[in-house]
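Student: I have a protein model open and would like to learn how to read it. Could you take me through some features?

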Amino acid sequence: MKRIGELLVEEFGLASKALEQALNAQKDGDDLIGEILIKNGELDEFTVLQVLGIMFDMEVRKSLPSDIKTDFTDRVPISFLKQHKMVPIVTADETYFAINDPNSFQSLDDLRRILEHETYKTVLAPSKQIVNAINFAYDMTQTSADEVMQDIDDDEDPERLFSEIEEIGDLLDDTSDSPVIRLVNLMFSQAVRDNASDIHIEPYQNSLKIRQRLDGILHDMLSPPKHVQSALISRVKIMAKLNIAEKRLPQDGRIELKIANKEIDVRVSTLPTAFGERVVLRLLRKSTVMISLTDLGMPQDRFVHFEKEIKAPNGIVLVTGPTGSGKTTTLYAALSSINNTDINIITVEDPIEYRISGIGQVQVNPKINLTFASGLRSIVRQDPDVILVGEIRDTETAEIAIQSALTGHLVFSTLHTNDSAGAITRLRDMGIEQFLIASSVSAILAQRLVRIICPHCKEEYTPEPEMLKRIGVAEEDCHNQKVYRGKGCAKCYHTGYKGRCGIFELLLMTQDMKALVLQTSDANEIKKRAIENGMISLQKDGAMKVLQGITTIEEVYRVCQS
């Protein structure tokens with residue numbers, strides 16, 4: 001039989017020099033030749049598996065099915081399968097074992113005996129596919145909430161709640177026998193599986209409710225018994241390293257989790273209420289791929305102007321909107337598009353939601369007096385070309401940002417206002433002079449997130465003329481235009497929506513607009529003039545997306561109603 005190196009050179013075109021380097025590296029360590037070639041970037045894992053398939057006369061699968069049966073999970077520990085990188089695949093059509101290393105026959109024999117499936121065939125599959133299948137199986141079969149809550153009693157041992165979260169590599173691997181810990185783990189794993197952005201733990205007089213936010217809307221998740229409230233919230237506070245004895249004051253903390261091989265950063269906020277502490281958990285996925293500027297969903301006519309403003313040498317670019325409207329994502333996309341070795345970019349944020357290579361990012365920490373204002377004052381002395389201020393919250397921050405823009409820096413920041421014109425009024429309310437606003441602010445982008453119609457249950461219908469008028473569309477404007485909605489299906493949790501996109505309103509500070517700002521700070525007057533000059537309002541952009549079949553009339557009305 002030919003060796004793996006010879007086959008790679010002869011059958012798959014591997015350079016002899018690359019093989020020679022890998023063989024030399026193998027002498028100094030225990031890695032297999034295939035692993036070394038993958039590390040060196042000479043080959044991908046699937047190519048190595050194809051060669052092993054030839055050598056061992058085994059079938060190679062590039063991907064594994066997602067609809068597998070999970071009845072093996074109560075007999076085989078998840079750690080065993082992950083350690084040996086193997087998983088039993090049972091579907092309606094076929095059954096087999098998927099393994100990553102053909103030499104792991106001893107472990108495979110053990111698995112065959114445990115499951116009593118001696119006749120199953122064996123195939124080779126990429127390690128990532130195997131781990132995903134394992135995570136799917138064990139996540140789907142996590143003890144149901146009802147079963148866990150039946151196990152909870154009033155005498156939960158406090159010592160078990162204090163078990164260190166750092167000891168658990170992955171929450172799916174946790175085998176704790178504490179019902180409260182299992183309930184918290186179930187809560188997190190379900191939220192991650194559903195792609196939720198927030199978890200709300202809400203105590204009421206005679207009940208406890210847990211809800212999760214999906215695509216910007218809260219949905220009921222779990223309703224544990226009232227007596228579990230104290231232990232449940234204590235467990236979350238322990239994980240976030242908060243003071244569990246302090247129940248009278250709000251607290252903020254962080255939890256770093258790993259669920260199904262996904263790293264999750266959780267921001268924890270507690271608030272004392274009449275019936276106990278209310279807890280909100282914001283889930284931030286560290287592995288989330290940074291969205292690009294072209295993927296924001298901004299129409300081309302506004303995209304061209306926005307791109308020009310973020311590449312300007314100086315000025316302030318503001319992004320406005322309520323909490324959860326995607327302001328930070330837009331600013332990160334803008335930063336990523338201009339990030340290169342020629343410029344120095346520094347940010348001051350609270351919190352740092354994405355980590356971007358090549359950019360200096362500062363985390364606000366009020367406990368040591370590191371605020372937006374003090375951080376921004378120090379950043380200016382770091383010779384930056386571009387500055388991102390997470391949010392302009394006070395007059396001091398606004399003044400420093402404006403001075404930075406007037407002294408040759410490009411400044412990005414956010415404001416909490418309803419529309420683009422409202423940002424001018426907000427700055428005036430902070431005490432910023434009109435001539436400073438006119439000379440420093442170059443563009444204001446207002447945005448909202450609307451839910452996208454689920455593609456699996458999308459249907460055409462004829463809306464009532466009154467509904468169209470709600471979002472500023474005359475009946476004649478949608479003549480021969482199709483309007484859609486989602487019926488609701490299992491894939492969208494029967495909401496009719498799946499995913500979100502932005503609607504945008506871009507106010508450019510032209511000479512005409514600057515002259516108007518010098519005269520007035522009335523938001524209605526500024527908005528009226530901007531629309532006369534060609535600005536497309538949030539509602540109009542939303543209406544255009546309705547007529548394009550992207551979202552619904554109800555969604556646009558929900559996010560744009562005054």
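Tutor: Gladly! Let's start with a definition: a contact means heavy atoms within 4.5 Å. Val87, for example, touches Leu64, Phe72, Tyr96, Phe97, Ala98, Ile130, Ala133 and Ile134, not counting residues up to four places away in sequence. Before we go on, this is a predicted model, where local features need pLDDT of at least 70 and side-chain atom pairs count only at pLDDT 80 or more, while totals for chains, interfaces and linings use all residues. Residues are numbered from 1 along each chain as its sequence is written, and side-chain values use heavy atoms, leaving out hydrogens and water.

Student: Which residues have the most contacts inside the largest nonpolar core?

Tutor: In soluble globular proteins, nonpolar side chains tend to be buried together. A nonpolar core is a set of buried Ala, Val, Leu, Ile, Met, Phe, Trp, Tyr and Cys residues joined through side-chain atoms within 4.5 Å. Buried means under 20% relative accessible area, exposed over 50%, and partly exposed in between, using a 1.4 Å probe and protein chains only. The largest core here has 44 residues, and Leu64, Leu81, Val87 and Ala98 have the most contacts inside it. Another core, of 38 residues, lies apart from it and includes Ile346 and Ile400.

Student: Is Ser404 buried or exposed?

Tutor: Ser404 counts as buried because its relative accessibility is 3%. It lies in helix H15 (residues 395–406) and touches Val380, Ile387, His409 and Val411, again not counting residues up to four places away in sequence. Helices (H or I, at least four residues) and strands (E, at least two) are DSSP runs, numbered from the N terminus.

Student: In what order do the seven strands of the open sheet come?

Tutor: Two strands pair if DSSP finds at least two bridges between them. The order is E13-E12-E14-E15-E11-E16-E19, with mixed pairing. Strand E13 (360–363) and strand E19 (497–508) are at the edges with a single partner strand each, so one side of each is left without a neighbour in the sheet. Ten bridges join E19 to strand E16 (residues 441–453), and these two run antiparallel. Ile453 stands opposite Tyr497 in E19.

Student: Across which strands does helix H16 lie?

Tutor: For directions, axes are lines fitted to C-alpha atoms, for helices over the stretch in contact, and angles run from 0 to 180 degrees between N-to-C directions. Helix H16 (residues 420–429) lies across E11, E15, E16 and E19, at about 130 degrees to E16.
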